[in-house]
Amino acid sequence: MEAAAAPGRDAPGSTASQPSGCGKHSSPERKVYMDYNATTPLEPEVIQAVTEAMWEAWGNPSSPYPAGRKAKDIIKAARESLAKMIGGKPQDIIFTSGGTESNNLVIHSVVKHFYVNQTSKGDTGVHHSPVDGAKPHFITSSVEHDSIRLPLEHLAEEQAAAVTFVPVSKASGQAEVDDILAAVRPTTRLVSIMLANNETGVVMPVPEISQRIKALNQERAAAGLPPILVHTDAAQALGKRRVDVEDLGVDFLTIVGHKFYGPRIGALYVRGLGECTLLHPMLFGGGQEQNFRPGTENTPMIAGLGKAAELVTQNWEAYEAHMRDIRDYLEERLEAEFGQKRIHLNSQFPGTERLPNTCNFSIQGPRLQGRMVLAQCRVLMASVGAACHSDHGDQPSPVLLNSGIPFSVARNALRLSVGRSTTRAEVDLIVQDLKQAVAQLEDQA
């Protein structure tokens with residue numbers, strides 16, 4: 001899909017290369033990209049920052065000569081920009097290869113710390129190991145990204161950890177705070193709940209979760225139990241709404257650059273890194289990133305990530321307002337063209353906040369499975385759900401099923417996610433494109 005340069009910015013008469021899976025048509029046509037939750041194009045300012053770093057800061061950041069010092073200064077500035085974007089401190093930011101590494105680093109660090117602490121305490125460590133042969137316990141939700149779900153499932157299979165997957169409410173689409181607290185055990189070490197779901201856009205009650213866990217930790221301390229840490233994967237929320245680690249109250253926060261018009265690297269925020277919150281490295285090497293993530297830094301990509309964060313800090317309110325306007329217009333047009341009874345808005349849960357750019361919907365009909373509709377589209381570039389689930393065939397999204405969407409509705413789902421430059425004219429184009437796709441499928445019946 002990314003063959004189309006700067007999706008959503010082409011002039012009205014322009015064309016983009018034909019991606020696979022959007023129909024077979026010989027003539028070039030205008031393409032409209034609406035899969036910004038999967039990935040985003042680089043902002044021009046980000047490309048410039050990356051390019052300048054390649055030219056001017058090619059040196060090893062650990063080296064004393066000018067090109068090395070330039071690289072070190074760029075990395076420092078980018079760390080400060082990321083910290084400012086999320087309301088944290090620069091020294092609490094660790095650069096990683098992306099969200100998957102950041103999430104895995106949190107999980108494996110908690111496991112490592114549990115067993116190191118257990119071993120160091122020996123038989124006297126009843127406070128940290130209240131049950132003989134205990135394993136660290138994790139709590140997460142049933143709609144998390146695979147980079148949370150799969151490592152936890154793997155640890156459980158290896159009997160290295162215990163995991164509770166808390167179901168989300170069918171009424172709100174959220175992981176309920178009371179359900180999370182009810183799942184806590186003496187051995188619980190981490191609660192990991194995404195800030196916003198990548199398929200429905202539902203915003204999770206992370207601040208309330210953190211507040212309740214903090215209060216619970218005071219009781220645990222009195223009982224001689226170690227604190228429970230809180231992690232949130234903020235991949236989908238950054239650049240679309242305000243994200244502040246002080247308001248969220250989390251100990252860890254995952255940052256993913258390519259979700260907010262930056263390069264494909266990421267970062268991890270760790271509150272009071274090495275002091276308040278311990279982190280154990282998964283890699284060992286030259287000591288970069290305070291020894292927590294060694295390896296010669298990828299200076300150009302870090303420069304781009306810093307610039308992307310700077311743009312978010314400066315413009316997030318305008319980005320949010322624009323995307324909400326376009327998303328709302330999209331939903332209005334869908335209902336107007338197909339009828340309210342035929343359109344099911346899978347991402348709307350009464351009273352629940354959601355991301356301003358995400359519209360997950362189904363067009364009711366026996367031959368209108370999401371993939372079949374997309375296969376007939378001439379203009380629309382979108383997805384049926386998370387990009388990481390693209391190989392699941394015609395199976396409905398587990399996220400939608402877990403959120404209470406009926407099977408017959410979920411299998412027809414399409415996820416459209418608009419971007420900073422998506423226009424109402426483009427919405428009109430893709431709604432007409434969907435109409436012709438649906439008509440074509442129904443004519444074949």
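Modeller: Axes here are lines fitted to C-alpha atoms, for helices over the stretch in contact, and angles run from 0 to 180 degrees between N-to-C directions. Helices (H or I, at least four residues) and strands (E, at least two) are DSSP runs, numbered from the N terminus. This is a predicted model, where local features need pLDDT of at least 70, side-chain atom pairs count only at pLDDT 80 or more, and totals for chains, interfaces and linings use all residues. Residues are numbered from 1 along each chain as its sequence is written, and side-chain values use heavy atoms, leaving out hydrogens and water.

Biologist: What makes α1 and α8 roughly antiparallel?

Modeller: The axes of α1 (residues 44–56) and α8 (residues 299–338) cross at roughly 150° and come within 8 Å. Angles under 35 degrees count as roughly parallel, over 145 as roughly antiparallel, 65 to 115 as roughly perpendicular and the rest as oblique. The pair is therefore called roughly antiparallel.

Biologist: Which residues of α1 and α8 meet?

Modeller: Contact means heavy atoms within 4.5 Å. In α1, Val46, Ala49 and Val50 are among the residues that meet α8, whose side includes Met301, Ala303 and Leu311. By class, this contact has 10 nonpolar, two polar and two charged residues.

Biologist: Why are β2 and β4 said to stand at the edges?

Modeller: Seven strands form an open sheet with mixed pairing, in the order β2-β8-β7-β6-β5-β3-β4. β2 (93–96) and β4 (162–166) each have a single partner strand, so one side of each is left without a neighbour in the sheet.

Biologist: How do you know that β2 and β8 pair?

Modeller: Two strands pair if DSSP finds at least two bridges between them. Four bridges join β2 to β8 (residues 266–270), and the two run antiparallel. Phe95 stands opposite Ala267 in β8.

Biologist: Are the β2 residues Ile93, Phe95, Ile94 and Thr96 buried or exposed?

Modeller: All are buried, with Ile93 and Phe95 pointing one way and Ile94 and Thr96 the other. Buried means under 20% relative accessible area, exposed over 50%, partly exposed in between (1.4 Å probe, protein chains only).

Biologist: What makes β9 and β12 edge strands?

Modeller: An open sheet of three strands has the order β9-β10-β12, with antiparallel pairing. β9 (343–345) and β12 (413–417) each pair on one side only. Three bridges join β9 to β10 (residues 358–363), with Ile343 partnered by Ile363 in β10.

Biologist: Which strands does α8 lie across?

Modeller: α8 lies across β9, β10 and β12, running at about 10° to β10.

Methods. Ala, Val, Leu, Ile, Met, Phe, Trp, Tyr, Cys and Pro count as nonpolar, Asp, Glu, Lys and Arg as charged, and the others, Gly among them, as polar.
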